[in-house]
Amino acid sequence: MTYFSIMKTWITVLLYMLTSILLQAQISGKIVVEEGESAAFVNVLLLHTTDSSLVKGGQSDLEGNFNLLNVQPGTYLLRLSAIGFADWNSEAFELQEGVGKNFGEIQLSSAAIALEGVEVTAKKMLLQQSAEGTVINVGSSIMTQGSSALQVLERSPGVFIDQRNNTIALNGQNGVGIMINGKRLRLSLQEVVAMLQGMSADNIEKIELLTSPSAKYEAAGSGGLINIVLKKTEGFGTNGSLSVSGGYGEGEKAMASARINHSAGETHAYASYTYSLDEMADGFYGVGTNIVPVFGGQVGFEILSNNYRRLSNHNLSLGAETKIDDQTILGGSLIMQRSGNRNTVVNLVEYDLNPDSLIRMNIQINGDNPWNNLLSNVYLERNLAGQGKLKLDVDYLNFDSKNPTLAQSQYFNKEDDPIHPGGRFFADANRGSSRTAIDIGVFKLDFERTFQDKLKWEAGVKGTYSKTSNLAQIERQEDNDWILDDRSVTAVDLYESIAAAYTSFHYPFTPSTELTLGARYEYWERTSPEDKRVQRRLFPSLFFSHGWNEVSRLQLSFTQRVTRPDYNDLASFLRYNGPISVFTGNPLLRPTISHNVRLAYQWQAYNFSLNLVHEENPIVRYQVVENEAGDLVLVSPQNMFYQRNIYFQTDIPIQVQPWWNANLGFTGGPRKFHLSHTKEQVEKQYWTYSIYGNQTIDLPWDISLELSGWYNAPSYDGSRRYKGFGMLNAGLKKQLKNKQGSIQFTVNDLFKSMRIVSDFGNLAEEAFASSADVVYRAESARTRIYRISYFRNFGNTKLKRKGERQAGATEERSRVRSE
């Protein structure tokens, strides 16, 4: 209630100020955008010509009209500014006493333009809504510079990334698909998180949170899709950017990035390189009880775990595009990444066996996880006669990973004397090795045609073939001998193929009313030594949009999506977690099917939506079950029977003053799920929500301040219950004169609040009657993370940036070739 009261108060104050200005007008005009539509709520500033100091200010009304009152005689400049458009500046004009001035119709431009030799770059709203979801223009945030792609994604509204468990959720739903430039990353979530950690956010144009993707997208991703769109330019000449940042938290942090773009004639090319280093630490504390057969009954336990990591990444991106003739474009891109992840986990575990006996264990696990990734794409686009277009994409992706580990254990009794319990549960050391190689080939052909300048038909086919090879094992040390645990050996070649065809029809009944109907058919086959799985399914989609005027629009959508278990979810491997517990997969997992309905209303820049989501067999990871022998805890993914979400979502931009802008958002509603893996198959219904906000304040001397934060209310992930948590970040940006670039200083987690408190065993009886309370502390909860960054453009800064093409989008999306 407090949140909405504050929001309502600000809106009321702004409307009152606008009304007061309209009563007495002496300088007037009408503001339109490139399409001729009225531009409401544009900042209108009257400036002195001598020093550009502010004389008076106001805003345009719903019809784009503006008026300034009681202006004294003198010589002035008029400046118009709005988020998403380039500033407009008038010539100097003189105002005489008692004589007003009417500027007539003024058109704003959303493209970069040059005024008297001074570059004016268009600003974009931080958040924008589309029929398919939310677009985040990451360059509009001060916090972006010097950050990784993962850090920017963590700050996105509705996105929750649990780095401890390597899970990504969007609006409370797991099964989220991650794409780069419309190309799906067919990796496990752990591998996706590692890749995004090494990607510089300076090279990102925008992030699209697609909660209702159209039929043109691959159906995989029951929780929606997150598309990371990289920067690209066109024009003539050469330009580029340099960025360097350094910081400190629990350890050193550094990132250096360089990008160059070159355009000559009909050929455009770019190259970028990023190096990043991040030394970090996090950990958790847990206390609970469970029944341990090897100890003869119920025991209490206490664990303190600290994880120290050193992440280093090299990322090289190359791309080129040329116009072969007036109708044909040929292009390609290449992304290469080499990553290293050295980590040391120290676990201090204490088992309270009875009042007179206990075992303390000191376990240190050293690991090294090097990565080599390659993503390549070649595409051909041709305009056909009769308003048609053909697009061909061929992709090859390769991922290679190694992960050797060594766990060394020491055991002590109540008096802290060393002991040797012996047996396969209490080895002095365990060592593991794992190697994964993934090869993926993708062929995609899209066709579109417009009939009689109205009906647009899109259709396409796609084929994907992949091979995943995994070799993993665990050995335990007994009497200086290494003994292989046969249960831990995995040597599997997994083959997956997808054949898909889609079609969609888009028809504008009127300029303000549009309907899109689509369907996608997919044949999916996965073959492994253990089994063969086949799925054939049709996925329909519907999008309807109606606008009453230039500022008011209603949207309705329905989509169906699927999340299929990945290899790590299904494989019957064992990964060491402790003497009596292991991480493993679940070969019995079923795919998740989601049904999504979204009703959205947009007024001006304010967005509201009501979303209904029903998931069949949703997958929840890191749940506790027991093995068939009843002597080992298995931490594995499981299916629930269902999960239903009804949530209201809103995004409210607020302009407190022309120099003070804010964005507030809310997502929340009831949620219900039904557990299937616990001994009691319980149903649970609860309410949850998340709020997020961002505000930017322009200060003197070309300095701007940004505050951003978010809070997630208590929620559930399977049988695990999470208490509420959130964080607040801050950043300062100084724009240097004479095009010398900018300097930024950021602080992550001002109040060191990134503590995630969870428990399990309270909602339903778990395996071995396990119950525990766990407190996870991210690095920023231990110490604030400080970063200072320098960024500079060079060369011909008037090169125009191209957008990305994808289904159902505007001109900004003219280059993404979607899944």
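This is a predicted model: local features need pLDDT of at least 70, side-chain atom pairs count only at pLDDT 80 or more; totals for chains, interfaces and linings use all residues.
Let's start with the whole chain. There are 819 residues, and 54% of them count as buried. The chain exposes about 35500 Å², with carbon and sulfur atoms supplying 55% of that. And if you take the contacts with a separation of 6 or more, 66% are between residues 24 or more positions apart.

Now let's zoom in on one strand, E17, which runs over residues 204-210. How many of its residues are buried? Seven of seven, so to speak, and the strand is mostly covered. E17 pairs with strand E18, residues 225-230, in the antiparallel sense, over six bridges.

Next stop, Ile260, which sits in strand E21, residues 252-264. Is Ile260 buried, exposed or in between? Its relative accessible area is 40%. Buried would need under 20% and exposed over 50%, so Ile260 comes out as partly exposed.

Who does Ile260 touch? Leaving out residues up to four places away in sequence, there's Thr238, Asn239 and Gly240, and then Ala269, Tyr270 and Ala271. One last thing to look up on the screen: Gly795 is 535 residues away from Ile260 in sequence, yet the C-alpha to C-alpha distance is 9.1 Å.

Definitions and conventions: Residues are numbered from 1 along each chain as its sequence is written. Side-chain values use heavy atoms; hydrogens and water are left out. Buried means under 20% relative accessible area, exposed over 50%, partly exposed in between (1.4 Å probe, protein chains only). Helices (H or I, at least four residues) and strands (E, at least two) are DSSP runs, numbered from the N terminus. Two strands pair if DSSP finds at least two bridges between them. Contact means heavy atoms within 4.5 Å. Accessible areas come from the Shrake-Rupley method with a 1.4 Å probe; for residues, only the protein chains shown count as cover.
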